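Have the structure open and follow along.

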Amino acid sequence: MKNKKYVVVGGVAGGASAAARIRRLNENAEILILDKGPNISFSNCCLPNFFSGEINCVDNLVLFGPEGFKKMFNLEAKVNQEVIKIEADKHKVIVKDLTNGNVYEESYDYLILSPGARAIKPTNIKGIDRENVFIVKNVNDVRKIDEFVKANNVKDVVVVGGGFIGVEVAECFKKSGMNITLVEAQDQVMLSFDYDFAQMLHKELYDNGINLIVSDSVVEVEKDKVILASGREVKATMVIMAIGVTPDIEMAVDSGVEVGETGGIKVDAKFRTNLPDVYAVGDAIEVHNSITKKKTRLPLAGPAQRQARSAADGIFGRFVNNRGVIGSSAIRIFNLNAATTGLNEKECQKQGIDYMAAYILPFDKVKLLPDSSVLHFKLIFENPTGRILGAQAIGRGNATKRIDVIATMITMGGYLEDLKELELCYAPPFGTAKDVVNVAAMVGLNLLNGEYKQVPMTKITELVENGEYIIDARERAAYEASHVKGSVNIPLSEIRQRHHEIPRDRTVYIHCRTSWYSYYSIRALQGYGINNVVNIQGSFLGFSNYLYFNDKTTGRESILTGYNFN
Ligand code: FAD
């Protein structure tokens, strides 16, 4: 019997994974990868690291070339070959050889599309097609940028867009010694984080010398500057556009592949498109969010590679358990590690989900160790069930470990009670006896059970402006060093003697450094029959981070007498 032929369109994350899986499942299969670019199997995710010098040669970004694929996996990969049409009824694709313009056909038994997404280049920016405007999508882009930087002695760069790619590129160029302005049209970078957590990222970018401009956008690019919607001008000899990606699916659509409601290729649970024997995976497809049960797109490498394996498994009649996505991601920004999974507060509000959030600031490892540091951790859960919906973590320590635990919990349908009891590894260099995630569950259960009340730290300015009664439960020295203007210092160590000072006829707000002392104070006060005290989430450490960037860049008077990030 003739061996089946598998043609894969796109030879990077999804495509290369699918092809390799097919080979593992059938040693005799005829496998052909076609990619319109000059490289296959390169590390998209490491492209920015070339600009910082962490990767010192562009060629090192390529993991496998066609020769490597042939030698190691006995599969054929052709570069600079663009699939320009699918003729599904004839089981063939029309291919254009971009090196000489020749057009030819390739037949297939099964076709897997993994064409990815392309960077959005908005047409409404004047000068967008200038030679000093670039995107960072593949190895060729990196090469072109490198050549331009060297030829023009580039020192001033504007990066447009504060998503993953924009932030990574900005950081990497900064590390190479350039002057970087990062312009983001929204009021925060990294939309997968809530506004309060994003302020820590803003602080880190600002403190490391990135000129971060939010709530403004580039409207014009010139040879040596950009002009923003606000009228502000920023020096720039090079501009990197990183405002997002869109599925690269014109060819597929023109060939009759159906598109879903979010603009990605519509696939079923086995990654089959509407065309017979045509599958699709990766950035190009629409997926379903397993928490909201809604359609979405998630252009990330992990989902692309897992979908590719599943698509190949499905073709070979193997069981495919498509759980959809929850959205887990991580980024390192200078000395901060930031990670997130599942739904954030904004998403819960958008979806009309009744949720609560526990924001805690525990040490990432035993405090006595010199390299321990506070991890800002937010756990989001459904009210009143306690079903875990999402989490965000930012700190100098291990954020991804905690978020990965929550991702596992969400995937397995976990509740706060499950997380509270989760038995995790502990020794001082790695964590605390009750790990960050255990503590978050305990705080979450307290909130869910109404054991105390809280307000989000985003309310802090309003509380101060309204002249609310705010107790600072830190010890005197910490209060004297810096505090919220107008707050009253009643340290935890004095609360039992001074509880008579606390007004009973109004809501009273309390904070300490990380909400540990304020929580103890609330419990003690409840013992004295005082139940009108509400905790301010995040406490001093949380809101000094939260306020810092805006205080510094807007010139507004701070509501704090100073900042304390220790
Ligand atoms: P791609 O890997 O983009 O591959 C698509 C390929 O298809 C391309 O090579 C293209 O040339 C080819 N192609 C398209 N159309 C045709 C056609 N008609 N004919 C022939 N070939 C075609 N994800 C993470 O999870 N973590 C990260 O840290 C991360 N960092 C990133 C950093 C950067 C700078 C970039 C650009 C992406 C990053 N990503 C990251 C995203 C990740 O790289 C993508 O989600 C992943 O590569 C998607 O895989 P894919 O196979 O769908 O598409």
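## A bent helix

Let's start with helix α17, residues 539–554: its 16 residues reach 23 Å from first C-alpha to last, close to the 22 Å expected at 1.5 Å a residue. That expected span is 1.5 Å times one less than the number of residues. Helices here are DSSP runs of H or I with at least four residues, strands are runs of E with at least two, and both are numbered from the N terminus. There's a bend of about 35 degrees in α17 at L547, taken as the angle between axes fitted to the seven residues ending there and the seven starting there.

How much of α17 is buried? The count is 13 of its 16 residues, so the helix is largely enclosed by the rest of the structure. Buried means under 20% relative accessible area, exposed means over 50%, and partly exposed is in between, using a 1.4 Å probe and protein chains only. S539, found in helix α17, has a positive phi of about 50 degrees although it isn't a glycine, and S539 is buried with a relative accessible area of 0%. After α17 comes G555, with a positive phi near 75 degrees.

## Where the numbers come from

This is a predicted model, so local features need pLDDT of at least 70 and side-chain atom pairs count only at pLDDT 80 or more, while totals for chains, interfaces and linings use all residues. Residues are numbered from 1 along each chain as its sequence is written, and side-chain values use heavy atoms, with hydrogens and water left out.

## Around the ligand

Which residues come nearest to the ligand? Of the 30 around it, they're G14, D35, S114, D283 and A301; a residue is near if one of its heavy atoms lies within 4 Å. By class, that shell has 14 nonpolar, 9 polar and 7 charged residues. Nonpolar covers Ala, Val, Leu, Ile, Met, Phe, Trp, Tyr, Cys and Pro, charged covers Asp, Glu, Lys and Arg, and the others, Gly among them, count as polar.

A polar backbone atom of G14 sits 2.7 Å from an oxygen atom of the ligand. The side chain of N44 has a polar atom 3.3 Å from a ligand oxygen, and for a polar backbone atom of P115 the distance to a ligand oxygen is 3.5 Å. On its own the ligand exposes 1,000 Å², and the protein buries 89% of that; these areas come from the Shrake-Rupley method with a 1.4 Å probe. The elements giving two or more residues to the shell are α1 (13–25), β4 (81–87), α5 (164–175) and α8 (301–315).

## Loops and a strand

I291 lies in the loop between β19 (287–288) and β20 (295–296), and I291 is buried at 8% relative accessible area. I291 and G327 are 36 residues apart in sequence and 9.9 Å apart in space, C-alpha to C-alpha. In the loop between β29 (508–511) and α16 (516–527) you'll find S515, a non-glycine residue with a positive phi near 80 degrees. S515 is buried too, with a relative accessible area of 11%.

H376 lies in strand β24 and counts as buried at 6% relative accessibility. The side chains of H376 and Y359 are joined by a polar contact of 2.7 Å. Such a contact is a pair of N or O atoms within 3.5 Å; within protein, one must be able to donate a hydrogen and the other to accept it, and residues adjacent in sequence count only if both atoms are side-chain atoms. P384 lies in the loop between β24 (375–382) and β25 (388–395), and the peptide bond joining N383 and P384 is cis, with omega about 10 degrees.
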